[in-house]
Amino acid sequence: MKVSVVSPVYMAERVLSLLVHRIQDSMETVAEDYEIILVEDGSPDNSWSIVEGIASANKEVVGIKLSRNFGQHYAITAGLQQARGDWIIVMDCDLQDQPEEIPVLFKKAMEGYDIVLARRKARKDNFLKKQFSLCFYRLLSFFTDTKQDRSVANFGVYHKKVIRAVLDMGDIIRVFPIMVQWVGYKKTTVDVNHAKREAGKSSYTFQKLFRLAVNIFLTFSNKPLILTVRFGLFISLVSFLVGIFYLVKYLTGSIVVLGYTSLILSIWFLAGIIIFSIGILGLYVGKVFDTTKKRPFFIIDKIVK
């Protein structure tokens with residue numbers, strides 16, 4: 001049995017050696033035949049040089065360099081495509097996902113599960129990131145009509161058939177945890193300890209997180225379109241009732257001069273609704289346009305074994 005460990009690398013020059021060392025120690029109790037795939041995602045620091053050195057000195061390590069920064073989930077996809085294991089472990093490189101939890105997750109997988117997800121008991125993130133994550137997952141659950149667990153991320157053990165199904169998905173927006181949830185299979189969760197970041201800070205700014213959230217909503221749900229239609233019908237019903245009300249008042253002689261303020265407010269309000277609706281439709285059309293380009297999800301520059 002072969003096991004692959006896939007980790008996307010970005011701004012991690014200070015933790016890579018420790019990461020590999022701790023993974024190797026953990027894998028001693030899991031499998032003799034394993035590989036560690038480090039995917040350098042166009043990091044501006046010295047991460048690739050360190051990955052090259054580690055891959056040259058360790059036969060278990062494979063280094064992959066992408067041609068530019070494509071994003072964490074695209075780097076994960078690149079690693080998954082190169083993975084040759086019967087089981088694949090996905091984890092972040094910042095050591096908040098602790099390699100010492102791998103044997104625990106793998107032991108659970110051996111009980112007959114295809115997916116074992118690491119559920120963080122207490123996230124070691126800052127307050128703002130926790131609150132943004134809470135709001136995001138609540139909105140995601142609402143828009144996709146699914147139950148989403150914000151304590152679960154990339155870290156987990158996956159059977160190769162699960163990974164094959166994820167890779168077969170042609171979604172241009174790649175979000176690994178959500179895609180894993182979509183493909184199904186027998187899954188469970190295991191509580192793990194979530195560590196503080198060993199070095200540096202998260203590369204996810206509020207702007208990047210907001211853009212990712214919008215892309216996820218547009219890719220995995222058409223509910224914004226449905227809600228827009230419902231809201232348009234509601235506005236039409238209200239306008240119809242208001243029209244009847246003012247028609248009755250006019251026929252009974254209660255209205256002599258129509259109100260200028262109400263007319264202007266109505267025009268601006270309805271114009272805003274129309275522009276908002278067109279904007280949502282335009283976002284979906286834009287995603288369709290991106291899909292029709294059929295560009296690769298990522299470009300591999302180098303592979304070092």
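**Close-up views of a predicted model**

**View 1. Surroundings of helix α1.** The elements that cover the buried residues of α1 include the strands β1 (2-9), β2 (33-40), β3 (61-66) and β4 (87-90), along with the helices α2 (47-57) and α4 (102-109). The model shown here and in the other views is predicted. Helix α1 itself runs over residues 16-27, twelve residues in all. From its first C-alpha to its last, α1 reaches 16 Å, close to the 16 Å expected at 1.5 Å a residue. The residues of α1 that are buried are Leu16, Leu19, Val20, Arg22, Ile23, Gln24, Ser26 and Met27.

View 2. Gln24 is a residue of helix α1. Gln24 counts as buried because its relative accessibility is 15%, and buried means under 20%. Leaving aside residues up to four places away in sequence, Gln24 touches Tyr34, Ile36, Asn58 and Glu60. Ile36 is twelve residues from Gln24 along the chain, and the C-alpha atoms of these two residues are separated by 8.6 Å.

**View 3. The largest cavity.** The structure holds two cavities of 30 Å³ or more, and the largest contains about 60 Å³ of space. Its lining is made up of Gln96, Asp97, Gln98, Ala118, Arg120, Ala153, Phe155, Val192, Asn193 and His194. Two strands, β5 (115-120) and β6 (152-159), each supply at least two residues of this lining. Sorted by class, the lining of the largest cavity has four nonpolar residues, four polar residues and two charged residues.

**View 4. The second largest cavity.** The volume of the second largest cavity is about 30 Å³. Around this cavity are the lining residues His73, Ile76, Thr77, Leu80, Val166, Arg174, Phe176 and Met179. Helices α3 (72-82) and α7 (176-183) each supply at least two residues of the lining. Of the elements involved, α3 gives the most, with four residues. By class, the lining of the second largest cavity divides into five nonpolar residues, two polar residues and one charged residue.

Note on methods: Residues are numbered from 1 along each chain as its sequence is written. This is a predicted model: local features need pLDDT of at least 70, side-chain atom pairs count only at pLDDT 80 or more; totals for chains, interfaces and linings use all residues. Side-chain values use heavy atoms; hydrogens and water are left out. The expected span of a helix is 1.5 Å times one less than its number of residues. Buried means under 20% relative accessible area, exposed over 50%, partly exposed in between (1.4 Å probe, protein chains only). Contact means heavy atoms within 4.5 Å. On a 1 Å grid over the protein atoms alone, a cavity is a set of points where a 1.4 Å probe fits but cannot get out, and a pocket is an open set with protein on both sides within 12 Å along at least five of seven lines; lining residues have an atom within 4 Å of a point. Grid points are joined across faces, edges and corners, and a volume is the space filled by probe spheres set on the points. Ala, Val, Leu, Ile, Met, Phe, Trp, Tyr, Cys and Pro count as nonpolar, Asp, Glu, Lys and Arg as charged, and the others, Gly among them, as polar.
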